[in-house]
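Please open the model in a viewer and keep the sequence panel at hand.

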Amino acid sequence: MEIIVCVKQVPDTTEVKIDPQTNTLIRQGVPSIVNPFDKNALEEALQLKEKHGGRVTVISMGPPQAQEALKECLAMGADEAILMSDRAFGGADTLATSRTLAAGIKKIGNFDVIFCGKQAIDGDTAQVGPEIAEHLDIAQITYVSKLTIDGDTVRAEREHEEGYEVIETRLPVLLSVVKSINEPRYPSIKGRMKANRKEIPIWTADDAAVEPERIGLKGSPTQVRRIFTPQQRVQGEIIQEENAREAVTRLLTKLNQAKII
């Protein structure tokens, strides 16, 4: 079974700050990590390989430093890794990004399953995976929380707000997974040593074979005009009294003074 996993290197959101003067993200000194949902996608791919055999290839679009994220994926057990990196890819929105990744997947060749995390924690759009499926003209199931594959039949439980749906389709398919599907494994020391020795090929815009006007900033119909930090809300007050009646009386008094009631 040929399995491809799309991953993204993202800034650690617990460390992200916004420059109040430029309204842009401060990336300098901010650590980068593998998008957590993509780790769930990779884990599911590795489990599928262990059950059915085959090969797992991870692919990412990003700057040269994204090789570190791919090396972590190799350390977890992926067989191959490919980085699509070129200045021409810069400024891409989800549509241009999906076009680039779809072109990379076509260059890889045959595949049975493509895994993605449900969304990236820096953009939170959940659009790239479904868009890749559209570019490749294959079936897709999003928000997968449970998966079984028997022959070329794919059966998945798909999470939504009111429960879950059971959906069945056939290979090839793109699946975006949620956190509850599994618990990603930790890379072994042997895996890290092997990953550090692995040479990761870098594919440029010429390798992608996509028209220049359809990738990067030129191929992006949406652009971020401004990023800002919401004003911090005023902290509330905890009312502590001897008993509930006194606490309620004090609360009502304060609400009345504030002209809320």
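## First stop: a histidine on a strand

Select His-160, which counts as partly exposed at 30% relative accessibility. The model is a predicted one. His-160 belongs to strand E10, which covers residues 153-160.

Next, display the strands. Nine of them form an open sheet with mixed pairing, in the order E11-E10-E9-E12-E8-E1-E6-E7-E13. The edges are strand E11 (163-170) and strand E13 (202-203), each of which pairs on one side only.

Select residues 173-177, which make up strand E12; five of its five residues are buried. Val-173, Leu-175 and Val-177 point to one side of E12, while Leu-174 and Ser-176 point to the other.

Which strands flank E12? Strand E8 (residues 113-117) pairs with E12 in the parallel sense over five bridges. Strand E9 (residues 139-150) also runs parallel to E12, joined to it by four bridges. Centre the view on Leu-175 in E12: Phe-115 stands opposite Leu-175, and Ile-141 likewise stands opposite Leu-175.

Step back from E12 to the loop that links E11 and E12, where Pro-172 is located. The peptide bond between Leu-171 and Pro-172 is cis, with omega at about -5 degrees.

## Asn-40 in helix H1

Move to Asn-40, a residue of helix H1 (residues 36-52). Is Asn-40 buried or exposed? Its relative accessible area is 2%, so Asn-40 is buried. Setting aside residues up to four places away in sequence, Asn-40 touches Val-177, Val-178, Lys-179, Ile-181, Asn-182 and Pro-184. Val-177, one of these contacts, is also one of the buried residues of E12.

## Helix H2

Select H2 next. This helix is mostly covered, with eight of its ten residues buried. The buried residues are Ala-69, Leu-70, Lys-71, Glu-72, Cys-73, Leu-74, Ala-75 and Met-76. To see what lies over them, display strand E2 (9-11), strand E5 (32-34), H1, E6, E7 and helix H5 (189-197), which are among the elements that cover the buried residues of H2. Just after H2, inspect Gly-77, whose phi is positive at about 140 degrees.

## Cysteines

Colour the cysteine sulfur atoms. How many disulfides does a search of the whole structure find? The search finds zero. Cys-73 is in no disulfide, and its nearest cysteine sulfur, that of Cys-6, is 11 Å away. Cys-116 is in no disulfide either; the nearest cysteine sulfur to it is that of Cys-6, at 4.0 Å. Both residues can be checked for accessibility: Cys-73 counts as buried at 2% relative accessibility, and Cys-116 counts as buried at 5%.

## A charge over a ring

Display Lys-107 together with Trp-203. The charged end of Lys-107 sits over the ring of Trp-203, at 5.1 Å from the ring centre.

## Two positive phi angles in loops

Ala-126 is located in the loop between E8 and helix H4 (128-136). Although Ala-126 is not a glycine, its phi is positive, at about 60 degrees. Its relative accessible area is 21%, so Ala-126 is partly exposed; the cut-off for buried is under 20%.

Asp-137 lies in the loop between H4 and E9. Asp-137 is not a glycine, yet it has a positive phi of about 60 degrees. What does Asp-137 count as at 71% relative accessibility? Asp-137 counts as exposed.

Definitions and conventions. Residues are numbered from 1 along each chain as its sequence is written. This is a predicted model: local features need pLDDT of at least 70, side-chain atom pairs count only at pLDDT 80 or more; totals for chains, interfaces and linings use all residues. Side-chain values use heavy atoms; hydrogens and water are left out. Buried means under 20% relative accessible area, exposed over 50%, partly exposed in between (1.4 Å probe, protein chains only). Two strands pair if DSSP finds at least two bridges between them. A charge sits over a ring if NZ of Lys or CZ of Arg is within 6 Å of the ring centre and within 35 degrees of the ring normal. A disulfide is a pair of cysteine sulfur atoms within 2.5 Å. Contact means heavy atoms within 4.5 Å.
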